Structures are given as structure tokens and as C-alpha cells.
Amino acid sequence: MYKQLFIPGPTDVAPEVLEKMATPMIGHRTAEATELQKGISEKLQKLMYTENTILLSTSSGTGLMEAAIRCCTRKRAAVFSVGAFGDRWYQLAENNNVPADVFKSEPGQPTTPEMVDDALKTGKYDVVTVTHNETSTGVMNDCAAIGDVIRKYDDVLFLVDTVSSLAGSKIEVDLWGIDVCIASTQKCFALPPGLSLCSVSERAIEAAKQVKHRGYYLDLVRLYNRVKKDFQYPSTPSLSHMYAFDFQLDRIFEEGLDNRFERHHRLAEITREWAGRHFSLFAAEGFRSDTVTCINNTLDFDFKMLNKELLDRGFRIGNGYGPFKDKTFRIATMGERKEASLVELLGHIEEILGLEATKWH
Ligand SMILES: *Cc1c(COP(=O)(O)O)cnc(C)c1O
């Protein structure tokens, strides 16, 4: 039976988008390949509110996170973590021999502009990494305010993980001063996993040129140079994903960017209000994600049982992440999700757990 995914990735892919993955193959050094990549780039620049160069990577988003911290850090990286995906930046730094320090917030709390300012005042850092939307805790950071702080410091690059928010929430790359903005296809873009994308500033590329060991496959300068030359890639990219991506971007613009962001916001609002009535929310007020809601399991119900019952009814939701497993659960409302199916899901949860039914109007 087909199950609707309310998990924070992979998300459901519309059948007509999935079909584009089966487009007959072309050569990756042809004019058609150039046209395909150029079209995707122009659409992504619009979606990301940026004039920066768009790079695709045939890897999941973690690949570009690795590329960014490795290629951009000349001195030392300040990693701001509000959960598991923030911690990942630090692991990537360590494993690549990139000097870095991690600044953690309490679970459920955001990274504040003051924290970033305090770190940068030391003069030790030339890279800041932030998780825009921490999927493990449902915290959404204020990257505009953080960007305003970073702008005061010359030479500091701003790397942002927007893996679980780009194409669901409005992210204004140029206005916020983001040098490398990273996302994967399998979250709010509602495409199959296996491809990722980023925007890179000229500043970031100039900085990267000063870094000697940038790796090979994930060398941002190498990728950048080839894309600048003819909108192609040094290695063979996943052309199948690119066909689906190009088509999905057209669908996104058909819906309209503002409509799409508003839809994600509305679904998260419905989820938050509902969760507030029966449970409580994990993320601090004012910093709650518009794409994934992390809910405290205040009733201490058996999550496995709930998800099994939900699966029988055609839905899948997410357990808590890492240390918050069974103590929290997550409902993601990303990509293709609509209000009617969310309301249906929430009704099923009420029924299974014996909660008072919400009267929707
Ligand atoms: C899913 C996710 C990642 C990891 O992305 P992959 O595409 O699986 O590599 C990183 N950061 C955040 C915030 C995520 O939600």
C-alpha cells in the first residue's frame, strides 16, 4: 500500500516528477547537458534570491557540507550547533583535519547572533557554519540576524545548511550574506535522494583558492571552474535527477514561491496548534521550524505502536532523533504535503491514542 510520508526526508515525489527520472540518456558533454544545467541554475538563483553561482553535486547534502567546510576554512571554523546536524559540521571538520571549535546551544534553543558575535570578536575564525533548520529538534535559526553580525567582520565566510528548509521556507541568500548555501533534493524539493545543490559566492571561491588540500571530487573550485566554463561538471553528473529537478522547479514556480512558503507555514501552524493541545513543543517559541515539528511525547505512548497503526492507515511519521528517540516524535510537512492529508493524519493519531478529536473547520 502506498504510504504518505510525513518524515523529514525522503519526501514523496509526485508521479509525473518521478517519471522524468526515466528520460532517455544524453551525453554529459553535449549542448543539451549544458542547457539542462543552465536552466536549473537560473531557476535556483530565483528560488534562492541570489546572483551567486549554483553548483550541483551527485552526492547527498552531506557531501557539499564536507566540501564547504574543507575548501573554505583557511584559519579556523566556528561551528554553531543546535543539534545532530550542527554536530555533523564539526565531525566533518575533524575528519578532514580542518581546525574548528563547536558552540552548542541547549536542546530546543537557537544559535543567537550574540553567540556568533562573541566568537568572532576573538579574531580566531574565518568561517561560520550554521544549521538554518535543525531537523532533529525542529529549531529554525534566524540566519538573517546572524548574517548581519557576520557582515561586520571582513574575511569571515558564512556557510549555511538549509537542507531541510530550502524550497519550503524563504531563504534570501544575498540579503542574508550567505557565502555557501546547501540543500539536498529529497526534502522540501520533493525529489528522489542522490543529488544536492549549493550557491557559492565569489568571495568563497577566492578564499578556497588559498586552501591547498581541497580534495578532488568535492573541490568547490574545480566544480566552479567547470560550471563557469560551460555549465558542465568535471565528472558525470546524475542527469536523471537533473531532468526531474528542472521539471520540479517549473512546478514550484507554477505554484508560486510565496504560495509555496505560505503553504509550508500554514501546515506547520496547524501541526503546532494541534500539538500544543495534546502535547508540547520541543523547540523554543519564536524559533519553530516551518517544515518539521518536533513534539514532546508527554503522554509517553509507545511510538513503534503508533507508527505501525499509522502505516496500516497509509501514513508514516518520524520518531525523535538520536537522544530524543521515543521522548519526542516528528511530523514533517515538506514538499508536496497538503492540508487535507495532514488533517487526516492528525485525526488518525487522535483516534489511535484515544485523544479528544479536534473539530476542524
Ligand atoms: C537531512 C539533513 C542533512 C543530511 O542531508 P543528506 O542529504 O542526507 O546528506 C543535513 N542537514 C540537515 C538539516 C538535514 O535535515
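Predicted model: local features only at pLDDT ≥ 70, side-chain atom pairs only at ≥ 80, totals over all residues.
I looked up Asp-230 to start: at 19% relative accessibility it counts as buried, where buried means under 20% relative accessible area, exposed over 50%, and partly exposed in between (1.4 Å probe, protein chains only). Its side chain meets that of Arg-226 in a salt bridge (2.7 Å, N to O); the rule asks for a side-chain nitrogen of Lys or Arg within 4 Å of a carboxyl oxygen of Asp or Glu. Asp-230 and Arg-226 both sit in helix 9 (residues 220-230), four residues apart, about one turn of the helix. Helices (H or I, at least four residues) and strands (E, at least two) are DSSP runs numbered from the N terminus.

Residues are numbered from 1 along each chain as its sequence is written, and side-chain values use heavy atoms, with hydrogens and water left out.

Next I searched the whole structure for salt bridges and got 23. In one of them Arg-337 pairs with Asp-12, closest N and O atoms 2.6 Å apart. Arg-337 is in the loop between strand 14 (328-332) and helix 13 (339-353), Asp-12 in the loop between strand 1 (4-6) and helix 1 (15-20), so the pair ties together parts 325 residues apart in sequence. Both residues, Arg-337 and Asp-12, are buried.

Then the domains. I have domain 1 (4-9 + 256-353) and domain 2 (17-253), with bounds from an automatic or database domain assignment. The contact (heavy atoms within 4.5 Å) takes 24 residues from domain 1 and 33 residues from domain 2. Between them the two domains bury about 2,300 Å², 62% of it on carbon and sulfur atoms; that is accessible area (1.4 Å probe) lost on putting the two parts together, summed over both. Leu-257, Phe-261 and Phe-287 supply 26% of the area domain 1 buries against domain 2.

How many salt bridges cross the interface of domain 1 and domain 2? The rule finds one. I also noted Arg-251 with Glu-336 at 2.8 Å between the closest N and O atoms, and a salt-bridge network linking Glu-16, Arg-251 and Glu-336.
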